[in-house]
Amino acid sequence: MSSTTGSRIVVTGATGNVGTSVVRQLSEDPRVGSVLGLARRIPDWSPAKTEWSAVDLASERSDLADMFAGADAVVHLAWAFQPTHDPATTWRTNVLGSIRVFEAVAAARVPALVHASSVGAYSPGPKDHAVDESWPTHGWPDAAYCREKAYLERALDTFEREHSEVRVVRMRPAFLFKRESASEQRRIFGGRFLPGPLARPELLPFLPDIPGLRVQALHTDDAAKAYVLAVGSEARGAFNLAAEPPVDVELLGEMLGTRPVRLPRAAARSAIAAAWGLHLLPASPHLFDAVLRLPLMDCTRARVELGWRPERSATEVLEEFLQGLQRGEGAPTEPMKGRKVG
């Protein structure tokens with residue numbers, strides 16, 4: 001961040017789950033003079049020091065370099081999870097749109113780019129111990145989300161070689177949740193007609209215990225804190241972000257007071273594939289395959305180099321998210337609007 005007061009930060013995907021937390025925290029940072037939030041639809045939400053501009057990264061007509069001119073950093077968060085049945089559409093937004101962002105950062109001579117990568121960029125890895133940022137990032141090729149995140153890791157490798165003057169940071173967070181993201185994530189992964197009030201422990205007859213289902217979670221606000229720290233530092237490279245403890249069926253069973261029942265991986269996948277094939281479930285079976293293979297991440301580097309620590313445990317994150325799901329909570333932006341079904 002510039003040493004002078006009044007740094008200008010541009011945030012793409014500024015109205016989504018991570019974007020709303022990053023914009024809010026930047027707007028509260030006394031070192032930041034202005035924030036330009038880019039999104040497909042301009043929200044009614046008006047945090048301090050923040051302007052908005054409507055941009056569709058899938059469109060080649062957007063002049064991103066002009067929008068980036070004079071910025072001290074670009075935080076690139078924009079991402080489309082749907083439609084999972086049309087990977088060419090998500091590729092246009094996520095991959096080609098991101099490459100346009102990278103090219104515009106170089107053209108506008110922005111000194112820093114903070115990019116939202118993901119645990120989903122990692123190649124299959126261990127579930128019994130954590131890996132650091134040197135673990136290969138080739139993703140799980142069958143899942144569009146992982147394939148796109150991994151491709152952008154390679155695109156950034158090339159970008160860094162060609163534009164060494166730009167400080168590039170790659171954030172690789174675990175699964176991100178907050179109360180206000182509940183309605184959006186229900187629609188993205190469970191479908192718009194899945195009733196949030198059904199997310200109650202007493203309605204679960206049992207908890208499926210699927211081999212390999214051990215992942216990490218993080219509160220979105222804690223992830224946003226790492227983004228803001230990266231913007232204000234001289235850090236470069238990749239940073240894993242996750243809270244403790246890892247989430248598995250034992251933890252969920254204790255949290256929900258529900259009995260785990262062993263369910264073969266093939267049976268679970270077949271049910272998800274059938275629902276996805278009938279367009280009843282937005283989350284694809286390919287993403288399910290990837291989740292079962294994601295490694296656990298070691299976050300030592302973020303703690304040491306950024307001074308970052310999550311304020312909430314993974315258990316607290318999930319408890320807050322479930323409360324938001326039951327109440328249909330959201331935020332005052334189009335992607336995050338709260339909607340109760342059922």
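I started at H4: its buried residues pack against H3, S5, S7 and helix H9 (285-291). I took contact as heavy atoms within 4.5 Å. Helices (H or I, at least four residues) and strands (E, at least two) are DSSP runs, numbered from the N terminus.

I noted the ground rules. This is a predicted model, where local features need pLDDT of at least 70 and side-chain atom pairs count only at pLDDT 80 or more, while totals for chains, interfaces and linings use all residues. Residues are numbered from 1 along each chain as its sequence is written, and side-chain values use heavy atoms, with hydrogens and water left out.

**Entry: H4 itself**

I looked up which residues of H4 are buried. They are Cys146, Glu148, Lys149, Ala150, Leu152, Glu153, Ala155, Leu156 and Phe159. Buried means under 20% relative accessible area, exposed over 50%, and partly exposed in between (1.4 Å probe, protein chains only). I kept the general rule in mind: an α-helix has 3.6 residues a turn, so residues three or four places apart point the same way.

I then checked the span. H4 has 19 residues and reaches 27 Å from its first C-alpha to its last, close to the 27 Å expected at 1.5 Å a residue. The expected span is 1.5 Å times one less than the number of residues.

**Entry: the sheet**

I traced the strand order. Seven strands make an open sheet, S3-S2-S1-S4-S5-S7-S11, with parallel pairing. Strand S3 (50-54) and strand S11 (237-241) are the edges, each pairing on one side only. Neighbouring strands of this sheet are turned by 20° against each other on average, direction ignored. Two strands pair if DSSP finds at least two bridges between them. Axes are lines fitted to C-alpha atoms, for helices over the stretch in contact, and angles run from 0 to 180 degrees between N-to-C directions.

I looked at one pair in detail. Strand S2 (residues 32-39) runs parallel to S3 and is joined to S3 by five bridges. Valine 35 has threonine 50 of S3 as its bridge partner.

Next came the helices on the sheet. Helix H3 (residues 87-107) lies across strand S1 (7-12), strand S4 (73-76) and strand S5 (112-116), at about 175° to S4. Helix H4 (residues 144-162) also packs on the sheet, touching S5 and strand S7 (167-173), and its direction makes about 165° with that of S7.

**Entry: cysteines**

How many disulfides are there? I found zero, taking a disulfide as a pair of cysteine sulfur atoms within 2.5 Å. The closest cysteine sulfur to that of cysteine 146 belongs to cysteine 299, 18 Å away, so the two are too far apart for a bond. Cysteine 146 is buried at 2% relative accessibility. Cysteine 299 is buried too, at 8%.

I found a cis peptide bond joining glutamine 82 and proline 83, with omega about 5°. Proline 83 sits in the loop between S4 and H3. Another cis peptide bond joins glutamate 244 and proline 245, with omega about -5°. Proline 245 is in the loop between S11 and helix H7 (249-256).

I also checked phi. Lysine 49 has a positive phi near 65° and lies in the loop between S2 and S3. Lysine 49 counts as partly exposed, at 31% relative accessibility. Histidine 279 has a positive phi near 60° and lies in the loop between helix H8 (265-277) and H9. Is histidine 279 buried or exposed? Histidine 279 is exposed, at 58% relative accessible area.
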